[in-house]
Amino acid sequence: MSDTNRLALPLLQPAQAQKHVTVNEALTRLDGLVNMVMASNSLSVPPTVVLDGATYGIPAGAVNVWAGQAGKVAIGSNGGWVFVSPRAGWRTFIADEGCQAIHDGTGWVSGALSLSPFGAGLSARVVEIDHVILAGATSQSAAVIPSHSMVIGVSARVISAIGGTLTSWELGNIGFTNRFGAGLGLAQGSWVRGLLSQPMTYWAPETLLLSAVGGDFASGAVRLAVHYLEISLPSE
């Protein structure tokens with residue numbers, strides 16, 4: 001046996017020379033895998049500067065020194081990379097997605113709260129966009145709410161002061177303009193925490209609608225975040 005069973009840490013062998021090399025590699029793997037935080041699980045081109053302990057999930061189609069390593073975890077070590085194959089049940093935090101993930105034995109399931117033996121699960125996710133407000137009585141976002149999602153609420157923050165003749169604004173959807181908030185502020189830093197009293201399921205992609213009250217929009221920008229749940233199907 002040359003490696004440990006769970007984390008594939010290299011083991012010292014009898015009468016081995018340069019024991020520090022093996023020990024240091026094992027410590028490097030531990031540093032990357034324990035309380036794991038992956039910088040990204042979608043970056044296909046390795047960073048040009050390798051930071052010791054930096055951890056990435058390697059996607060399909062990765063190139064350069066990551067070519068042929070799809071599905072593995074890459075850990076920065078001494079200017080290069082150590083590759084580890086994750087197993088079902090491993091957990092990580094994916095920094096550029098802002099959520100935890102569980103490995104289902106095939107890949108990482110972002111936002112997963114639970115997973116069945118056959119991959120059915122419940123995931124909590126957040127999708128966030130910056131919306132530039134155009135002049136007019138209303139300003140409609142892109143289709144930020146995913147299909148087949150159960151929305152818990154929408155939060156937002158004004159990142160560039162809202163200008164125009166309006167006195168306040170509302171946040172909602174077409175047909176229900178104040179679903180997520182009303183009487184909202186115009187100044188930079190103003191915010192809304194639009195928690196629904198009952199979660200709402202959307203069966204098709206949906207936009208958010210900003211509606212001016214007491215006048216019209218002229219300018220501004222708002223960061224919008226949709227908080228929702230999804231369920232996944234079991235495998236065959």
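This is a selection-by-selection tour of a predicted model.

**Stop 1: the main core**

Start by selecting Trp169, Leu171, Leu208 and Val222. These are the residues with the most contacts inside the largest nonpolar core, which has 24 residues. To see where that core comes from, colour strands E11 (149-164), E12 (168-173), E13 (176-184), E14 (191-202), E15 (209-213) and E16 (217-232); each supplies at least two of its residues. Apart from this core lies another, of 14 residues, with Met36, Val73, Trp90 and Ala101 among them.

Return to valine 222 and show its surroundings. Leaving aside neighbours within four places in sequence, valine 222 is in contact with a list of residues that includes Ile129, Asp130, His131 and Ile133. Further along the chain, its contacts include Ala156, Val158, Ile159, Ile162, Trp169 and Leu210.

**Stop 2: isoleucine 133**

Select isoleucine 133, in the loop between E9 and E10. Is this residue buried or exposed? With a relative accessible area of 3%, isoleucine 133 is buried, since the cut-off for buried is under 20%.

**Stop 3: two salt bridges**

The count of salt bridges comes to two. For one of them, select arginine 125 and glutamate 230, whose side chains meet with an N to O distance of 2.8 Å. Arginine 125 is in strand E9 (residues 121-132) and glutamate 230 in strand E16, so this pair ties together parts that are 105 residues apart in sequence. At 24% relative accessibility, arginine 125 is partly exposed.

Next select aspartate 130 and arginine 223, which form a salt bridge with their closest N and O atoms 2.6 Å apart. Here too the link runs between distant parts of the chain, from aspartate 130 in strand E9 to arginine 223 in strand E16, 93 residues apart. Aspartate 130 has a relative accessible area of 46% and is partly exposed. Arginine 223 is partly exposed as well, at 35%.

**Stop 4: an aromatic cluster**

Select Tyr56, Trp66 and Trp81, which form one aromatic cluster. The structure holds three aromatic pairs. Tyrosine 56 lies in strand E2 and tryptophan 66 in the loop between E2 and E3, so the pair ties together parts 10 residues apart in sequence. Both tyrosine 56 and tryptophan 66 are buried.

Keep tyrosine 56 and switch to tryptophan 81. This pair is edge-to-face, at 5.8 Å centre to centre and 80 degrees between the planes. It links distant parts of the chain, with tyrosine 56 in strand E2 and tryptophan 81 in strand E4 (residues 80-84), 25 residues apart. Tryptophan 81 is buried, as is tyrosine 56.

**Stop 5**

Select asparagine 41, in the loop between strand E1 (37-38) and strand E2 (55-57). Its relative accessible area is 18%, so asparagine 41 is buried. Not counting residues up to four places away in sequence, what does asparagine 41 touch? The answer is Gly57, Ile58, Pro59, Ile94, Asp96, Glu97 and Trp108.

Move on to asparagine 64, in the loop between E2 and strand E3 (73-77). Its phi is near 60 degrees, a positive value in a residue other than glycine. Asparagine 64 is exposed, at 56% relative accessibility. Then select histidine 148, in the loop between strand E10 (138-140) and strand E11 (149-164). Histidine 148 also has a positive phi, of about 55 degrees, although it is not a glycine.

**Stop 6**

Finish by selecting Leu12, Val23, Leu27, Leu30 and Val34, and show the surface. Together they make a nonpolar surface patch of about 390 Å². Valine 34 lies in the loop between helix H1 (19-33) and E1. At 45% relative accessibility, valine 34 counts as partly exposed.

Key: Residues are numbered from 1 along each chain as its sequence is written. This is a predicted model: local features need pLDDT of at least 70, side-chain atom pairs count only at pLDDT 80 or more; totals for chains, interfaces and linings use all residues. Side-chain values use heavy atoms; hydrogens and water are left out. Helices (H or I, at least four residues) and strands (E, at least two) are DSSP runs, numbered from the N terminus. Buried means under 20% relative accessible area, exposed over 50%, partly exposed in between (1.4 Å probe, protein chains only). Contact means heavy atoms within 4.5 Å. A nonpolar core is a set of buried Ala, Val, Leu, Ile, Met, Phe, Trp, Tyr and Cys residues joined through side-chain atoms within 4.5 Å. Patches are made of residues with over 30% relative accessible area and no salt bridge: like charges are joined within 9 Å, nonpolar side chains (Val, Leu, Ile, Met, Phe, Trp, Tyr) within 5 Å. Accessible areas come from the Shrake-Rupley method with a 1.4 Å probe; for residues, only the protein chains shown count as cover. A salt bridge is a side-chain nitrogen of Lys or Arg within 4 Å of a carboxyl oxygen of Asp or Glu. Rings of Phe, Tyr and Trp (its six-membered ring) pair if their centres lie within 6.5 Å; planes under 30 degrees apart count as stacked, over 60 as edge-to-face and the rest as tilted.
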